[in-house]
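The following exercises are to be worked with the sequence and the model at hand. Each task is followed by a solution in steps.

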Amino acid sequence: MGQTPAQKAAQAARGQQPKKRPGKAQREAIKRAQAAKKKAGGGKPAAKKAVPLPRGSVRAACPGTCPACFKDYAKGEVITKVTDGWGHPGCAPRQMSAAEREFARNKARIESGETFRGQKPSDWRRGASPSSTRPAR
């Protein structure tokens, strides 16, 4: 809103000078200075980018104790599900892939003798052909 001549006269009488709008050259200089300041990193600090958490992890809403290692964790620290509750990600058991699980299962079966216990012994004899060692039908 513009001021009336009477308002301008009253301001001048109080010792306040009316604000003058800068000229075109001054406006361009101000814009260049602001652009240089922004480019140099001045002004407002940049917002921190949120770092994604590992899958299955959250930030602790309140401080607590890890049930695996019995050490405390602070509010806001990254925690994950462990055997008896929530604790440090390093304390959680590592999840095996499907291939690793199958390998472990097969290894356990071989070590226990399960894979060979159910099979009948071979009727092959050293130095003889299979046809001569099998009973005739």
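The protein chain contains five helices and five strands, where helices (H or I, at least four residues) and strands (E, at least two) are DSSP runs numbered from the N terminus. The model is predicted, so local features require pLDDT of at least 70 and side-chain atom pairs pLDDT 80 or more, while totals for chains, interfaces and linings use all residues. Residues are numbered from 1 along each chain as its sequence is written, and side-chain values use heavy atoms, with hydrogens and water left out.

**Exercise 1. Describe the chain as a whole.**

Step 1. Read from the N terminus, the elements follow the order α-α-β-β-β-β-β-α-α-α.

Step 2. Of the 137 residues, 9% are buried; buried means under 20% relative accessible area, exposed over 50%, and partly exposed in between (1.4 Å probe, protein chains only).

Step 3. Take the contacts (heavy atoms within 4.5 Å). Among those between residues at least 6 apart in sequence, 7% join residues at least 24 apart.

**Exercise 2. Determine the strand order of the open sheet and identify its edges.**

Step 1. Two strands count as paired if DSSP finds at least two bridges between them. The open sheet has three strands in the order S1-S4-S5, and the pairing is antiparallel.

Step 2. Strand S1 (57-59) and strand S5 (85-87) each have a single partner strand, so they form the edges and one side of each lacks a neighbour in the sheet.

Step 3. On average, neighbouring strands are turned by 40 degrees against each other, direction ignored; the axes are lines fitted to C-alpha atoms, and angles in general run from 0 to 180 degrees between N-to-C directions.

Step 4. Strand S4 (residues 78-82) is joined to S5 by three bridges. Lysine 81 stands opposite tryptophan 86 in S5.

**Exercise 3. Locate the salt bridge and classify its two residues.**

Step 1. The criterion is a side-chain nitrogen of Lys or Arg within 4 Å of a carboxyl oxygen of Asp or Glu. By this rule the count is one salt bridge.

Step 2. The side chains of arginine 94 and glutamate 100 form the salt bridge, at 3.3 Å from N to O.

Step 3. Arginine 94 is exposed at 60% relative accessible area, whereas glutamate 100 is partly exposed at 31%.
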